[in-house]
Amino acid sequence: VGLLGLYCMVRCYLIPARPFWNHWHTAGAFAASGLILGSLLIGLLFGIGEWWANQPITPLLSHLSWPLVSGLFLQAVSLYFHLRYLKQRGEEAAVSRMLMLNRFGKTYWARTISLAVLTVIGLLFAFQVISGIWGLLLWGLLFLQAILHELVGRALFYVAVVPTTIPGAFFWGNK
């Protein structure tokens, strides 16, 4: 049911009138969010349970870090190809790219740095460099960072779209 819901949500955004959304990046972004936040939430909840039961936490977090890193990789790849698409597509898509990289440029690059930090720490968990109760605490902080990361990403997703087919749409001299 979750995959069907994800599919339906993606289909709602893949419309030609919104070039910013009408790209496979939309599906990649939604799927990546599920992998990232789902892995971290499950790891946090079950990690607390393992800790409470005096069981080792490291194997659990190591296993869950692989879907986490996969989601982060999917997000990075889709963002890269999305930027290329916006530049090549021109017109409204180029305006969206300009808005995202200029007006919201600091936010965009902060999110890119956050993506790199999440990936590096996720890989440290994957190879069991981080372990024990301190690992669980770091996992919780990673979850909070990922929530903020995804909220910023979703905000950029909505604010950078240029709705040119409705009254009051974006024109070069009249926003």
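At 33% relative accessibility, Phe81 counts as partly exposed, a label that covers the range between buried (under 20% relative accessible area) and exposed (over 50%), with a 1.4 Å probe and protein chains only. Tyr80 falls in that class too, with a relative accessible area of 48%. All of this comes from a predicted model, in which local features need pLDDT of at least 70, side-chain atom pairs count only at pLDDT 80 or more, and totals for chains, interfaces and linings use all residues. Residues are numbered from 1 along each chain as its sequence is written, and side-chain values use heavy atoms, with hydrogens and water left out.

A search of the whole structure turns up 15 aromatic pairs. Here, rings of Phe, Tyr and Trp (its six-membered ring) pair if their centres lie within 6.5 Å; planes under 30 degrees apart count as stacked, over 60 as edge-to-face and the rest as tilted. The ring centres of Tyr80 and Phe81 are 5.2 Å apart and the planes sit at 80°, so this pair is edge-to-face.

As for the overall fold, the protein has six helices and zero strands, counting DSSP runs numbered from the N terminus (helices are H or I, at least four residues; strands are E, at least two). Along the sequence that reads α-α-α-α-α-α. The C-alpha atoms fill a box of roughly 65 × 35 × 25 Å along the principal axes, and 41% of the 175 residues count as buried. Of the contacts (heavy atoms within 4.5 Å) with a separation of 6 or more, 76% come from residues 24 or more positions apart.

Now to how the helices pack. Axes are lines fitted to C-alpha atoms, for helices over the stretch in contact, and angles run from 0 to 180 degrees between N-to-C directions. Helix H1 (residues 2-13) and helix H2 (residues 25-52) have axes that come within 9 Å and cross at roughly 145°. This crossing is right-handed, meaning that the near helix is turned clockwise from the far one by less than a right angle, with anticlockwise giving left-handed. On the H1 side Leu6, Met9, Val10 and Tyr13 take part, and they meet Thr26, Ala27, Phe30 and Ala31 in H2. That contact has seven nonpolar, one polar and no charged residues; Ala, Val, Leu, Ile, Met, Phe, Trp, Tyr, Cys and Pro count as nonpolar, Asp, Glu, Lys and Arg as charged, and the others, Gly among them, as polar.

H2 also packs on helix H6 (residues 132-159), with axes that come within 10 Å and cross at roughly 155°.

Leu44 sits in H2 and is buried, at 19% relative accessible area. Setting aside neighbours within four places in sequence, Leu44 touches Leu136, Trp139, Gly140 and Phe143.

Helix H5 (residues 105-126) meets H6 as well, their axes coming within 10 Å and crossing at roughly 150°. H5 and H6 are therefore roughly antiparallel, and H5 passes H6 in a left-handed crossing. Contributors include Tyr108, Leu115 and Phe125 of H5, and Leu138, Trp139 and Leu156 of H6. By class, this contact splits into 12 nonpolar, six polar and two charged residues.

Conventions
Parallel < 35°, antiparallel > 145°, perpendicular 65-115°, else oblique.
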